[in-house]
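Subject: Structure for you to look at

Hello,

Here is the structure I promised to pass on. Please open it next to this email and follow along.

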Amino acid sequence: MSEDAGLSVADWVTTIVCLLLQVLLAPHIAIAGTMPLFLLVPLFCVAVSSSMTVAVVFGFLLGFLYDLGTGEAMGVMSLAFTVAAAGVQLLGVDGDGAGVNPLVTIAAVVVVQLLQGILLGIAGYADSAGYIIVHCILLGSLYNGIITLAGMALIRAISNRKAPVNGPSRRLR
């Protein structure tokens, strides 16, 4: 965890790509009414690679952007993403400091889904406790846990890729 003042270029690119996926793809790949949260990937990337202040502010703003775009109760994802960013910042860096511990990732996804379900229930956006438990918490945690772990693995693979150092060209002649 570095005490950087801002976001890296990789963080910005990841955020823009995941925002586009959230807007353009997520509504079309919903399972039983549960949309994936692609925005958890940049949230976790920023939480691991920046200071606590940057991670929490980024989580709040990303959640606020999600709240504005979905038409659900304002502040639900802002709170959930802020709590997740703080938790990942405190607990999430694995031993080599290069990524998020998978167990912490799953726990943070479950916390986001749990907070979303509870707050949507309180705000009157969910009709029953069964809907909250099945759709928001169980199905949402499973679906978003898989997507987030896959996204984090992809980010880690891309960031660990090394360019050849003065080696022979791999171009065909």
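Below is what was found in it, starting with the whole chain and moving to details.

First, the ground rules. This is a predicted model, in which local features need pLDDT of at least 70 and side-chain atom pairs count only at pLDDT 80 or more, while totals for chains, interfaces and linings use all residues. Residues are numbered from 1 along each chain as its sequence is written, and side-chain values use heavy atoms, with hydrogens and water left out.

**The whole chain**

The protein chain has 6 helices and 0 strands. Helices (H or I, at least four residues) and strands (E, at least two) are DSSP runs, numbered from the N terminus. Of the 173 residues, 39% are buried. Buried means under 20% relative accessible area, exposed means over 50%, and partly exposed is in between (1.4 Å probe, protein chains only). Take the contacts (heavy atoms within 4.5 Å) between residues at least 6 apart in sequence: 66% of them join residues at least 24 apart.

**The core**

The largest nonpolar core has 32 residues. Such a core is a set of buried Ala, Val, Leu, Ile, Met, Phe, Trp, Tyr and Cys residues joined through side-chain atoms within 4.5 Å. Leu 40, Leu 43, Phe 44, Phe 81, Val 88 and Val 112 have the most contacts inside it. At least two core residues come from each of α2 (40-49), α3 (52-70), α4 (76-91), α5 (102-123) and α6 (129-160). The largest share, 8 residues, is supplied by α2.

**Helix α3**

How far apart are the end C-alpha atoms of α3? They are 27 Å apart, which agrees with the 27 Å that its 19 residues should span at 1.5 Å a residue. That expected span is 1.5 Å times one less than the number of residues. Buried residues in α3 include Val 54, Phe 58, Leu 62 and Tyr 66. Their spacing fits a general rule. An α-helix has 3.6 residues a turn, so residues three or four places apart point the same way. Among the elements covering the buried residues of α3 are α1, α2, α4 and α5. Just after α3, Gly 71 takes a positive phi of about 80 degrees.

**Helix α1**

Ala 10 lies in α1 (residues 9-24). Ala 10 is partly exposed, at 47% relative accessible area. Its C-alpha atom is 8.9 Å from that of Ser 159, 149 residues away along the chain. Leu 20 is also in α1. Leu 20 is partly exposed too, at 48%.

Best wishes
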